[in-house]
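Hi there,

Here is the structure I promised to pass on to you. Have a look at it first, and then read my notes below.

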Amino acid sequence: VCASISIPPSAFALPAEKSINMEIDKKYPNRVIYDTGLVICRWGPPVQIGDGICVPGNGDAHYEVVFRLLVFRPFVDEVCVGKICQCSEEGVRVTTGFFNDVFIPRFELRPSRYDAKSGLWIWTPSFDDDEGDDEVAVKTEDGVETKEDENNEEEENRYEMYIGAEIKFKVKSLNFTKVTNTAKGVQATATTISHSAKSDAATSARLRSLSIGSDKGGEQTRTRRRSSSLDLTDADKVPASMQIVASICEDGLGLAEWWSNEEGEEEAEEEE
C-alpha cells in the first residue's frame, strides 16, 4: 500500500519509522479497504519511506510511505469455517469471530426449509436407499391408509442449524461497497467479485484485463468484477463495506457435526 502518513508534532522526537508504524497501527487495522479486504494488522516494517514534508497551516509532517498489510479476503470457492449468529427467512448470517458479514442466502441452503416456529433453518436431505422402501401401510378406523415410515423418516432427517453452531461454507462471491456523501445525496459504488462462465472471443480481451484465468478440468473459469452505482438517499440501512456471499449446497459443507459424526461411526466400525 502506498499512502501519505501524517506525523503530529508531539511524535517528532521519536524515530521516523517508529512514529510511522504507530500511525499505521492506529489507522488501518479493522478497516475495510475498498476492493481489497479487511485489514488485520501491519505486516513488517515499511518498505519505503519518503521525505517528511510540512505544508502551510498544518504542523504535521507528511511522509509518502510504502508498507504492507495483512488482509482478510477469501478467494472465490474457498471453504471457510464460522459460527451461525442469525437466522431469518432470507437466509443465514455467519460470523468468523472477527468478521460478521458472511451471508448464506436461502437458495444456497438447499435442501433446507425455514421453520417459522423455531426461527431456524432445517436441513432436510433425502437419502436414497438401495434396498428399497420399507414403508408400512396402516389402516385407520375410517379405512384410510397411511404410511408410518414417511413421517418417521422426515423426523429423523431433520437437522437444525442452531445459533452458535460451527458451519463450513464455500465462498461464492465478494461484495465491496463504498459509500460517499455527494451533492445529490448518499451514493454508493458496489463491486462484486465472482466466477463467470467461459467468455467468447469478442469479450475475452476485456475480461483478461479485469480478471484472473485458470484451467480446471479442461474448462476455463474466471473471476469476474462487476461495478455499479447506487443511490442510498432514501435507504433505511447502509450496506456493509464488505460482504461474503456463501453456499452450503455441496458435500462436506454445512454444520461440522453432520460430517464428524459419520466419520466417527466409520472409524468405530473399522475398529470393531
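Is Asp35 buried, partly exposed or exposed? With a relative accessible area of 25%, Asp35 is partly exposed (buried means under 20%, exposed over 50%, and partly exposed in between, using a 1.4 Å probe and protein chains only).

Before you read on, please note that this is a predicted model, where local features need pLDDT of at least 70, side-chain atom pairs count only at pLDDT 80 or more, and totals for chains, interfaces and linings use all residues. Residues are numbered from 1 along each chain as its sequence is written, and side-chain values use heavy atoms, leaving out hydrogens and water.

Now for the backbone. Most residues other than glycine have a negative phi, and most peptide bonds are trans. Asp35 has a positive phi, near 65°, and sits in the loop between strand S2 (32–33) and strand S3 (37–42). Strands here are DSSP runs of E with at least two residues, numbered from the N terminus. Asp77 also has a positive phi, about 80°; its loop runs between strand S6 (69–72) and strand S7 (79–88), and Asp77 is partly exposed at 26% relative accessibility.

You will find a cis peptide bond between Arg110 and Pro111, with omega about -5°. Pro111 lies in the loop between strand S9 (102–105) and strand S10 (112–115).

Finally, take a look at Ile40 in strand S3, which is partly exposed at 37% relative accessibility.

Enjoy exploring!

Best wishes

Methods
Helices (H or I, at least four residues) and strands (E, at least two) are DSSP runs, numbered from the N terminus.
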